[in-house]
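The sequence and the structure come before my notes.

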Amino acid sequence: MSLYKKPLLFNQLLRGRDLETQDLGASISQYLELIIFTRFGEHRFKPDFGCEIWELDFELIVSESTWEEKLRQSLLKSITTHEQRIYDVSLDVRIKEVNKFYPLRNVSEIKKSVEIVVKGKIQQTGETYMFSTSLYLNPLST
């Protein structure tokens, strides 16, 4: 089975070339990104596909540890439900402060970001799998 790399460049097909493929680990990573970046209800045929980060992003964070745990539980449920190619999944979610410097304006801003680390084993091979990403909070962006 071929695992196609996104974005799909259909003009390649029109030129008689095959679409670009990728390995299993990269395919799983792309799917995890899709879960993270999809709001619940956004996928018409799978309303439970996605994660809660889009509802939590503008929520006042009173307790960072409670917020992190809510997001961790939401992601864990979505990943174990929708990404069947990995098992023994564990997640780490951490809010961090990041100092961003904008040299053109000579301005420094402290922003909050959430770091997400997913670990598991690949169903097909038993190999250890790891994925990580960071997102800025308020407003959420990459």
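**Entry on a pair of charges.** I looked up glutamate 115 and found that it forms a salt bridge with lysine 96, the closest N and O atoms being 3.2 Å apart. For my notes, a salt bridge is a side-chain nitrogen of Lys or Arg within 4 Å of a carboxyl oxygen of Asp or Glu. Side chains of opposite charge can pair when their charged atoms come close. The pair links distant parts of the chain, since glutamate 115 sits in strand β2 and lysine 96 in strand β1, 19 residues apart. Glutamate 115 counts as partly exposed because its relative accessibility is 25%, and lysine 96 counts as partly exposed at 37%. The terms I use here are buried for under 20% relative accessible area, exposed for over 50%, and partly exposed in between, with a 1.4 Å probe and protein chains only.

**Entry on what I am reading.** I note that this is a predicted model, in which local features need pLDDT of at least 70 and side-chain atom pairs count only at pLDDT 80 or more, while totals for chains, interfaces and linings use all residues. Residues are numbered from 1 along each chain as its sequence is written, and side-chain values use heavy atoms, with hydrogens and water left out.

**Entry on the other salt bridges.** By the rule above, the count comes to eight salt bridges. I looked up glutamate 83 and arginine 85, whose side chains meet in a salt bridge at 2.9 Å, N to O. Is glutamate 83 buried or exposed? Glutamate 83 counts as buried because its relative accessibility is 2%, whereas arginine 85 counts as partly exposed at 24%. Glutamate 109 forms a salt bridge with arginine 105, and here the closest N and O atoms are 3.8 Å apart. Glutamate 109 is partly exposed at 29% relative accessibility, while arginine 105, at 53%, counts as exposed. I also found Glu64, Glu97 and Lys112 linked in a network of salt bridges.

**Entry on the elements.** I listed four helices and three strands in the protein, and from the N terminus on they run α-α-α-α-β-β-β. Helices (H or I, at least four residues) and strands (E, at least two) are DSSP runs, numbered from the N terminus.

**Entry on β1 and β2.** I found that β1 and β2 pair in the antiparallel sense over 15 bridges, and aspartate 92 stands opposite valine 117 in β2. The two strands form a hairpin with four residues between them, and in the turn asparagine 106 has a positive phi of about 55 degrees.

**Entry on β2 and β3.** Strand β2 (residues 107-122) pairs with β3 in the antiparallel sense over nine bridges. I followed two residues across to β3: valine 114 stands opposite leucine 135, and valine 118 has phenylalanine 131 as its bridge partner. This hairpin has five residues between its strands, and glycine 126 in the turn has a positive phi of about 80 degrees.

I count a contact when heavy atoms are within 4.5 Å. Residues 24 or more positions apart account for 45% of the contacts in the protein with a separation of 6 or more.

**Entry on burial.** Last, I looked up how much of the chain is covered, and buried residues make up 34% of the 142 residues in the protein. Leucine 8, in the segment before α1 (10-14), counts as partly exposed because its relative accessibility is 40%.

Conventions:
Two strands pair if DSSP finds at least two bridges between them.
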